[in-house]
Amino acid sequence: MAIEIEQPCVELSNVAVSETHGEDSPYFAGWKAYDENPYDELTNPSGVIQMGLAENQVSFDMVEKYLEQHPEASTWGKGAPGWFRENALFQDYHGLKSFRTAMASFMQQIRGGRAKFDPDRVVLTAGATAANELLTFILANPGDALLVPTPYYPGFDRDLCWRTGVKIIPIHCDSSNNFQITPKALEAAYQQAVSTYTKVRAVLITNPSNPLGATIQRSVLEDILEFVTRKNIHLVSDEIYSGSAFSADEFVSVAEILEARDYKDAERVHIVYSLSKDLGLPGFRVGTIYSYNDRVVTTARRMSSFTLISSQTQHLLATMLSDEEFTENYIKTNRERLRKRYEMIIDGLTSSGIECLKGNAGLFCWMNLSPLLEKPTREGELELWNPILHEVRLNISPGSSCHCSEPGWFRVCFANMSEQTLEVALDRIRNFMHERASVNRSLFSNR
Amino acid sequence: MTQNRSSRQSEEDNKPYPGRRGGGTAMRVIVPLQGVVQGRGGLFLGSVIPCALFYFLQLYFKRRHRTPSNSPPPSSSSDATSSPPCSPSTSTDKLTEVFLLPRSLSRILLSPRGASTVPYLSSRANSIVKAENSPYILGLRKVAEDSYHRIDNPNGVIQLGLAENKLSLDLVQDWLVENASGAILGGQEDCREFNISGMTGYQPYDGLAELKVAIAGFMSQVMENPVLFKPSLMALTTGATAALEILSFCLADSGNAFLVPTPHSPGFDSDIKWRTGLEMVPVPCRSTDNFSLNITVLDQAFKQAKKRGQKVRGIIITNPSNPVGNLLNRETLYNLLDFAREKNLHIISNEIFSGSTYGDEEFVSMAEVLETENVDKDRVHIVYGLSKDLSVPGFRVGVIYSYNEKVLAASRKLARSCIISAPTQLLLTSMLLDTRFVQKFIEINRSRLRKMHDMFVAGLKQLGINCSRSSGGFYCWADMSKLIRSYSEKGELELWDRLLNVSKINVTPGSCCHCIEPGWFRFCFTTLTEIDIPVVIERIRRISEATKSHS
């Protein structure tokens, strides 16, 4: 008989074993279902259609064309002597000046020139994920809190909380006023923190909002600014969908408001941006923090050493984003195409008897299926979501994973597929709704 | 009975306010003080805490002059307080932070309603203020302002403080010029079809499978002895810096510690401690045995840390080491594994210079040792990267290689915030799969490293400056103690200052590397060409003569 000697099991940290990464939630479960059975027009027409990934595929043909026509962006050694040397070795956390300048100018163009951006305030990170996490590390200590309006991007639970030890306290929004943030809701969230002796360090908004697919109105932004100034806390404005507003006038950036008031109280405001959504390049990992606070800029820059963007990518994109003719055309065309997609999906959903929140930006719509719920609870919502995922085979994101306080809302992405695939998806939804209607009718007639 | 009640009460005093998480050490000092003021906790706490505070205040002022870290543990009376698990020496650091808190926060501590108009920044953000004035940063700044160039700026500052390898860049450049457009654009050179869609979309958090395969192959090639690296045990990150930090987050909680042999890379102070809240316990190595790791000293450091109440979670070794450049031999690695097993610790083996060996000694990777040992791999993790061995620090490629499934799983999720840019991943996959190029590169690079190292060491020797024996890496670790005016950190920094501002060479003083013996300096020789070496030696000679004539 073998004698078993118990080996001491080497321990891991709390961070390593915690569930805060949230990857066991329905949001990610849907992705797994898609990974196991992905839809393909030709080879797997009955697979799961991915409508849970906010990726912009409607405009990357323009990017592709640009790179094809401008090989100097991606070739080596054919530029000025010493160019390669500088680039391969370049690991300065300031980032390539030409790239920062290009980013600043791109951000300016998206806002129609209504706000100016200084390249020296641009801090580069490998994606907005890193930018949000970095800002959290800088603005808050473990145990402190950020106030975030619901519903919000499920990834925030991981990005803002996991390693940082910071908490999210929700600012509850509901459909009674189209999920807009109210001063009352802000104050209520703040008081909730106070009652648990938690220090609030910042309000973090996403504008245009994910998952709502709508921009925040100017008056609401002003209310939020007044609130954070009064409480002496920071404001982080995640504007990664700013270039995906369907029309240029619809989006108001907090930068515009600050510029209009001569940057008074601006040292508490920080903007996060990325090329993953607007430019459809999530694989390139390009994010930025734009801060009006010098110390935050300096600290963020040093901290970005954990998450630098490859110099190759910086050079490639610097060329592209400095080309104002290209960027102007891209921004305009991208907006137009997204708007058309949005109209297409709304028409399709309306004809199936489904209502959505009125949206004007982003890569998704916020769909209301609450009339279909058996019970107006989170469980009821998941009971509805399950058959949609596994039988209808559409991966959409349940509102509960976005911490929405009203059950029955779902986020549906429309920009990460071809028009044909979207048609297929809309057909499936139509069939699903017809079936449910006929089931309900027969149930009703049998009583 | 009374005794129990008061000790229970004092425990209560030491608990932070209910529901409050964080606010940590500051509260642990203030709450018992409040207790004392209100008459609870008794005379014992009332006298010990102010004494302890006074002691720590003294320690804090002493530390500002950065005395060697082997300070004796504080008196046992402070251990008797029912105080938090963190040791007094770590409390000192945290108290230091309290002292350095922005005025706005200290005002809040004194009068809770005193809100200033400047929004608060975290203690992490504030700790950067200290680091900005370190010799390491100051030196880099000086070089940036006034860079040496043989023709355009011959009196500029020569960079010997940043570990870049310029010796073999031409090889990489040639490859890129010939192959790059195909590699990035996803088609053959002549093919007109352009397809970037493969690289634009979301990628796996921990790197493309193809790149992992390519890097595993590269790692196997650079190791002198054949070792098989498995792509399935990897997570890729934007540089070894990120890899090291992620592992730190996975293996230890805030307040825990790692044992780290000194001298070590200056970068560790921020990479390992900054956002994780971890501590490093130095394990001093000495010139008498060429700064080799001594297991007895390791054991001593572990025991002392334990006495101080520090929870040690692991050991971080760098092999080949930075700054000394020596290698850990097979026997030491086995002993290290035994030690780790005995104390139930992790081992992080930072092997980023493993492809840059040039000496006669044999380089043994942890991976090689583990291939022969079949047990207990769960505690070993290797960090690698392409910045040093492939001369491409700008591309940001780091590797976590772990045998521990749970660590890998957590690392992969954490890598979400540091994913390598897709075009770079594709480019490097192509480059590394070109094994003929890799072979040629490794051989030529090694021979150039050897040549440059030998030349530099010989040049220093002519001036009577000896270097430690090194077999890998980018540095000469030189003993300049004869040139410093007082045998102390102060003297060393004075020499550093003269070297930077008078001779205009940026070198790294040993104190930045936490070396216990003053007077050692780290020279990076891979940023130089052969013609530059005499210039550097000449500048040092002038300083050396100036020193001798003054003494």
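**Entry 1: chain B overall.** I noted that the model is predicted. I counted the elements of chain B and found 21 helices and 13 strands. The chain has 551 residues, and 56% of them are buried.

**Entry 2: strand β7 of chain B.** Is this strand, residues 380-385, buried or exposed? I took buried to mean under 20% relative accessible area. Six of its six residues are buried, so the strand is largely enclosed by the rest of the structure. I checked the two faces in turn. On one side, B:Val380, B:Ile382 and B:Tyr384 are buried, and on the other, B:His381, B:Val383 and B:Gly385 are too.

**Entry 3: partners of β7.** Which strands pair with β7(B)? Strand β6 of chain B, residues 346-350, runs parallel to β7(B), with four bridges between them. In that pairing I found B:Ile347 bridged to B:Val380. Strand β8 of chain B, residues 398-402, is antiparallel to β7(B) and joined to it by five bridges. There I found B:Val383 bridged to B:Ile400.

**Entry 4: A:Asn44.** I moved to chain A and found A:Asn44 in the loop between α2 (26-36) and β1 (49-50). Leaving out residues up to four places away in sequence, A:Asn44 touches A:Asn37, A:Pro38 and A:Tyr39. With A:Asn37 there is a polar contact between the two side chains, at 2.9 Å.

Notes
Residues numbered from 1 in each chain as written. Chains lettered and ligands numbered in written order. Predicted model: local features only at pLDDT ≥ 70, side-chain atom pairs only at ≥ 80, totals over all residues. Heavy atoms only, no water. Buried < 20%, exposed > 50% of the residue type's maximum accessible area, 1.4 Å probe, protein only. Helix = DSSP H or I, 4+ residues; strand = E, 2+ residues; numbered from the N terminus. Pairing = 2+ DSSP bridges. Polar contact = N/O pair within 3.5 Å; in protein donor to acceptor, adjacent residues only side chain to side chain. Contact = heavy atoms within 4.5 Å.
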